[in-house]
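Hi,

Here is the structure I said I would pass on.

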Amino acid sequence: MRRSPRIARLLAEVYERLLAHYGPQGWWPGDGPFETVVGAILTQNTAWTNAARAIQNLKAAGAMSPAALRAASESDLAELVRPSGYFNAKARKLKAMADYLERYGDDVAAMGGKDVRALRSELLAVHGVGPETADDIALYAVGLPSFVIDVYTQRIVDRMLPRRRLRGYDAYQELFERHLPRDAAMFNEYHALLDAHAKEVCLKREPRCGSCVLAGLCATGRRAGGG
Ligand code: SF4
């Protein structure tokens, strides 16, 4: 993908408008980097509220550490994370992640010494970690600049830039990473703001273009007569 000054200006303006409108989002919710890693796995294919209930169960059982996850039986873990759905699979994934973290002395912060691409590749090789989970961990747990893409982000981009016809996770990620400064704090906030915007305005049953702060920047919004 070639860098386009027009897209760079657009994405910077989208960020400024969302931040001015919604304010800082304070992601990721939770208690520290390891809990963020666990949350990134537990929130796969489910709402955050369900993942949060599973996290509370793990904490109440004293299982919120890599060593405790390794020591627990898979079936006990599955019971604890049941509220997050796909609980047998998620128990296996948590144990695989705990095994992986051993190479960093169970210290998530130690992963920050790695190059972000190298870390991402390592994470993708861990059982149960796909691109979104790898980027959630790299960005929100470790603090490295890896832009997180989710379904919300993809759909907002498709509505704003329908002519780009992006396909697949990596294409959306490249759009942001090629056109924004590699700034972990900004990536952190930007993804959270897109999530808020999707839930509040854009990905309701019908997009509410008439009251959208991005209407003048968005092809769909302009067609709807906004901005
Ligand atoms: S203008 Fe409409 S389609 Fe575009 S981002 Fe806003 S709500 Fe979504």
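**Salt bridges and cavities**

Glu 122 is buried, with a relative accessible area of 16%. Bear in mind that this is a predicted model. The partner of Glu 122 is Arg 103, and their side chains form a salt bridge at 3.8 Å, N to O. It links distant parts of the chain: Glu 122 belongs to helix α7 (residues 116–124), while Arg 103 sits in the loop between α6 and α7, 19 residues apart. Arg 103 itself is exposed, at 57% relative accessible area. There is also a network, in which Asp 31, Glu 35 and Lys 59 are joined by salt bridges that share partners.

The count of salt bridges comes to 14. One of them pairs the side chains of Arg 92 and Glu 74 at 3.4 Å, N to O. Arg 92 is in helix α6 (residues 87–101) and Glu 74 in helix α5 (residues 74–80), so this pair ties together parts that are 18 residues apart in sequence.

The largest cavity holds about 110 Å³ of space. It is lined by 15 residues, and His 197, Cys 202, Cys 209, Cys 212 and Cys 218 lie nearest its centre. By class, that lining has 10 nonpolar, three polar and two charged residues. Helices α9 (151–160), α11 (184–202) and α12 (219–223) each supply at least two of the lining residues.

The second largest cavity has a volume of about 60 Å³. Its lining is nine nonpolar residues, with no polar and no charged ones. The residues in question are Leu 11, Val 14, Ile 156, Val 157, Met 160, Leu 161, Phe 176, Tyr 190 and Leu 194. Two or more of these come from each of α1 (5–22), α9 and α11, and α9 gives the largest share, three residues.

That's what I have for now.

Cheers

Key. Residues are numbered from 1 along each chain as its sequence is written. This is a predicted model: local features need pLDDT of at least 70, side-chain atom pairs count only at pLDDT 80 or more; totals for chains, interfaces and linings use all residues. Side-chain values use heavy atoms; hydrogens and water are left out. On a 1 Å grid over the protein atoms alone, a cavity is a set of points where a 1.4 Å probe fits but cannot get out, and a pocket is an open set with protein on both sides within 12 Å along at least five of seven lines; lining residues have an atom within 4 Å of a point. Grid points are joined across faces, edges and corners, and a volume is the space filled by probe spheres set on the points. Helices (H or I, at least four residues) and strands (E, at least two) are DSSP runs, numbered from the N terminus. Ala, Val, Leu, Ile, Met, Phe, Trp, Tyr, Cys and Pro count as nonpolar, Asp, Glu, Lys and Arg as charged, and the others, Gly among them, as polar. A salt bridge is a side-chain nitrogen of Lys or Arg within 4 Å of a carboxyl oxygen of Asp or Glu. Buried means under 20% relative accessible area, exposed over 50%, partly exposed in between (1.4 Å probe, protein chains only).
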